[in-house]
Every structure is written in structure tokens, then in C-alpha cells.
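Colleague: Thanks for sitting down with me. Could you walk me through the charged pairs and the ligand site, one question at a time?

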Amino acid sequence: MRDVQDHWFRQAKREGYRSRAAFKLTDIDDRKRILSKGDRVLDCGAAPGSWSQVAGRRVGRRGSVVAVDLKPIDPSGLPENVTLHEADLREMDLETLGAGIFDVVLSDMAPDTTGDPFGDHHRSIRLCNDLLDRVPEWLRPGGNLVMKVFEGEAYRDLLLRAGRMFERAKGFKPVASRGESVEMFVVCNGLRPAEDRDEEDPGGSEEMIPVPPRPKPPPGWND
Ligand code: SAM
């Protein structure tokens, strides 16, 4: 497994990507047709910036990428069509994001892992639901969404919620994602028009129940 990871790490260096995460998005896009030339893309949880590199290249000069992360992103060498925001995505709105509805929303957002798989899973689910809450306003009907989630007991409900909002919503494990990692990508094509959406369960506003930390994460957890 280590060899496989070294392979993606070396490949990222060779192709000038900031991290091997780039190959997760290229694989998703090659197979699921998420990005098109001229698209306006929101990249959530974008640091250090490899998804923005991929998206910026793939949407071309007529397209654009708005990248948001809690951490700063080094602008040097990024495609010119990428703009950066250092912020909590959940505190942004369309105006602070630069206005204009998006064609595609990408999220590789992940909570800081604590070594407690149950709590980490629920924090990841919470981030995804917070994003889904914003999707009807931020994404155009027909638009696509990709979001990372740490798998666990609430994964199925998340997938069902996404399935009510989009024409297709499926879990996908890219080839560059560690085999033993719990990360999964929910790939959603075609946001349904508001009148066809069945959104009775927003799911994002429940309070988290604190859970005691568990001592040792499984191998590959902190991907
Ligand atoms: N896709 C990135 C790339 O290719 O370079 C890697 C993203 S990294 C796995 C996950 C990121 O999500 C972290 O940098 C973290 O700061 C960010 N993040 C987590 N919660 C966030 C939030 N509420 N708002 C913005 N960014 C967030």
C-alpha cells in the first residue's frame, strides 16, 4: 500500500500538483463527467490547492474557480482563473463568494481528525449536510456536486438526501484514495429544479452529541 501512495505522491510532483489529492478529482471527473469548459466552480476545503489546479485547468480560460479554505492557500503558480478565500465556508454567502450561481460545487472538506472514528464520521457528515443546505441557492439546476465524506452509520442517509436533490447520487472511491481509508466521495449529477426536489429532511442543523475519544485510529484513517 505504501508503494501505491508513493506512486501518487511522485506522480503529483512530476505533474506539478500540490498533492496527490489531484488524482482523486481527475479520476472522478474522467469517469463521472463533472467539469466542462467554461464552468464556474466552487472548491470547498481547497488547501493546499490541487483540486483547484485540476479544476482551473479543466474549465479553461472561459471558466473560473472560487477556492475556499480555513487555511491560507499559496496563490503562486495557480491557474489565473482561480480566486482564493481564507474563510469558513459555512460563513460565506453568494455575495462574499463573488456572486453568481455555480455550475459545479466540489468539496474535499474534512474535519480535523481526532482519532475517534465515530466522532470524525459525524463531523464529516455534518459538514456535508451543511453544504447540502446551501446547494439549492449556490448551484444552478442541472449542476453537479462532488463531496467527500468519512463513511459510517450516517452515510446512507446522506446518500439518500443527495438522491432526493439530484438526478443521480452515488458513492465513488477514486483509485488514488487509500484502499483502507474510510473516505468516500458522493458524486451527484444534475441538481433537480426546485419543484422536483423532495427536501423534507435538511439534516444539517442537529446538535452533535459529544462522544468520548477512542485511543487509536485504524490505519489510513487520517487521509
Ligand atoms: N482538495 C484539497 C487539495 O486537493 O489540495 C485538499 C483538501 S484537505 C483534504 C481538507 C480541507 O478542508 C482542509 O484544508 C481544511 O482546512 C478544509 N476545511 C475543513 N472544514 C472547512 C470549512 N468549514 N470551511 C472551509 N474549509 C474547511
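Predicted model: local features only at pLDDT ≥ 70, side-chain atom pairs only at ≥ 80, totals over all residues.

Colleague: Which residue meets the side chain of Arg 161 in a salt bridge?

Modeller: The N to O distance of this pair is 2.8 Å. The pair links distant parts of the chain, 28 residues apart, with Arg 161 in helix α5 (residues 155-165) and the partner in helix α4 (residues 117-138). That partner is Asp 133.

Colleague: Is Arg 161 buried or exposed?

Modeller: Buried means under 20% relative accessible area. Asp 133, at 33%, counts as partly exposed. Arg 161 has a relative accessible area of 2%, so this residue is buried.

Colleague: Which helix holds Arg 58, the salt-bridge partner of Asp 30?

Modeller: The closest N and O atoms of Asp 30 and Arg 58 are 2.9 Å apart. Asp 30 belongs to helix α2 (residues 22-32), and 28 residues separate the two. Arg 58 sits in helix α3 (residues 50-59).

Colleague: And how far apart are the closest N and O atoms of Glu 167 and Arg 192?

Modeller: Glu 167 lies in strand β6 (residues 166-172), while Arg 192 is in the segment after β7 (183-191). Glu 167 is partly exposed, with a relative accessible area of 48%. The two form a salt bridge in which the closest N and O atoms are apart by 3.8 Å.

Colleague: On to the ligand: which residue has a polar backbone atom 3.0 Å from an oxygen atom of the ligand?

Modeller: There are 20 residues surrounding the ligand, and Asp 69 and Asp 108 are among the closest. A polar backbone atom of Pro 48 is 3.3 Å from a ligand oxygen, and a backbone N or O atom of Leu 70 is 3.4 Å from a ligand nitrogen. The residue at 3.0 Å from a ligand oxygen is Gly 49.

Colleague: What share of the ligand's accessible area does the protein cover?

Modeller: The ligand takes up the space of the largest pocket. On its own, the ligand has 610 Å² of accessible area.

Key: Residues numbered from 1 in each chain as written. Heavy atoms only, no water. Salt bridge = Lys/Arg side-chain N within 4 Å of Asp/Glu carboxyl O. Helix = DSSP H or I, 4+ residues; strand = E, 2+ residues; numbered from the N terminus. Buried < 20%, exposed > 50% of the residue type's maximum accessible area, 1.4 Å probe, protein only. Near = heavy atom within 4 Å. Polar contact = N/O pair within 3.5 Å; in protein donor to acceptor, adjacent residues only side chain to side chain. Areas by Shrake-Rupley, 256 points an atom, 1.4 Å probe, with all protein chains shown as cover. 1 Å grid on protein atoms, 1.4 Å probe; cavity = no way out; pocket = protein on both sides within 12 Å on 5 of 7 lines; lining within 4 Å. Sits in = over half its atoms within 2 Å of the grid points.
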